[in-house]
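Here are my notes on the model you sent. They run from the overall fold to single residues.

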Amino acid sequence: MTTTWLKERSELGVSVGLVMLGVLVLTDALSIPTDFAQRGPVGPKAVPILVGSLLLLVAVLLARDVLRGGKGEAEGGEDIDLTAPADLRTVLLLCGAFLANAALIGLVGFPISGAILFWGAAYALGSRNLVRDPLIAAGMSVVTFLVFNNLLGVPLPGGPLMEVF
């Protein structure tokens, strides 16, 4: 009986997650140091406290709705078979591409590790063009590097190609 009750109200798990996230945001926000010489009435804590408070509010409203019998609507546009098993090969290939990027970014820089990431993701998702895919991945990686590094001012490791850009 308890299992059935919880299964019918599985959205409460989302509410619990929102409470945990809200508490985390509020805890971190309250630990932000404030400078007594800050300018203006709004300090660095204002937005995180607002976001954390809103997360808690949404969690309470969602829990109340679920306990009163509310249910989320099923998506009508999805054409998937929920009884089919997960495609673990694709998931593992994507995880491998992300891990390779994380392991290589410090050694070879973002342009090369990003190209490996983009090509690995394309391969994992089914693209098998051995000429086009690596070229597009390299182009995307270089453009991403230039946008972040030069336009946005977010320094990314360039690796051995740092002198080229």
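1. A word on terms before anything else. Helices are DSSP runs of H or I with at least four residues, numbered from the N terminus. On that basis, L161 sits in the segment after helix 6. Keep in mind throughout that this is a predicted model.

2. Overall fold. The protein chain has six helices and zero strands. Read along the sequence, the pattern is α-α-α-α-α-α. The chain has 165 residues, and 19% of them count as buried. Take the contacts between residues at least 6 apart in sequence: 58% of these join residues at least 24 apart.

3. Helix 2 against helix 3. Helix 2 covers residues 12-30 and helix 3 covers residues 46-67. Their axes come within 8 Å and cross at roughly 160 degrees. Angles over 145 degrees count as roughly antiparallel. Helix 2 and helix 3 are therefore roughly antiparallel to each other. The crossing of helix 2 past helix 3 is left-handed.

4. Who makes that contact? On the helix 2 side, the residues are L12, V14, S15, L18, V19, L21, G22, V23, V25, L26, A29 and L30. Helix 3 supplies P48, I49, G52, S53, L55, L56, V58, A59, L62, A63, V66 and L67. Sorted by class, the contact of helix 2 with helix 3 has 20 nonpolar residues, four polar ones and no charged ones.

5. G17. This residue lies in helix 2. From G17 to L56 is 39 residues in sequence, and 9.9 Å in space from C-alpha to C-alpha.

6. Helix 4 against helix 5. These two pack at an angle of about 175 degrees, with their axes 8 Å apart. That angle makes helix 4 roughly antiparallel to helix 5. Helix 4 contributes R89, T90, L93, L94, A97, F98, A100, N101, L104, I105 and V108 to the contact. From helix 5 come F110, I112, S113, G114, I116, L117, G120, A121, Y123 and A124. By class, the contact of helix 4 with helix 5 has 15 nonpolar, five polar and one charged residues.

7. Helix 5 on its own. Helix 5 spans residues 110-124, 15 residues in total. How far does helix 5 reach from its first C-alpha to its last? The span is 20 Å, close to the 21 Å expected at 1.5 Å a residue. After helix 5 comes G126, whose phi is positive, near 115 degrees.

8. What is buried in helix 5? The buried residues are F110, P111, S113, G114, A115, L117, G120 and A124. They pack against helix 4 (88-108) and helix 6 (132-151).

9. Back to L161. At 29% relative accessibility, L161 counts as partly exposed. Which residues does L161 touch, leaving aside neighbours within four places in sequence? The contacts are P111 and I112. P111 is among the buried residues of helix 5, while I112 takes part in the contact of helix 5 with helix 4. L161 and V142 are 19 residues apart along the chain, with 10.0 Å between their C-alpha atoms.

Notes:
Residues numbered from 1 in each chain as written. Predicted model: local features only at pLDDT ≥ 70, side-chain atom pairs only at ≥ 80, totals over all residues. Heavy atoms only, no water. Axes fitted to C-alpha atoms, helices over the stretch in contact; angles between N-to-C directions. Parallel < 35°, antiparallel > 145°, perpendicular 65-115°, else oblique. Left-handed = near helix turned anticlockwise from the far one by under 90°. Contact = heavy atoms within 4.5 Å. Nonpolar A, V, L, I, M, F, W, Y, C, P; charged D, E, K, R; others polar. Expected span 1.5 Å × (residues − 1). Buried < 20%, exposed > 50% of the residue type's maximum accessible area, 1.4 Å probe, protein only.
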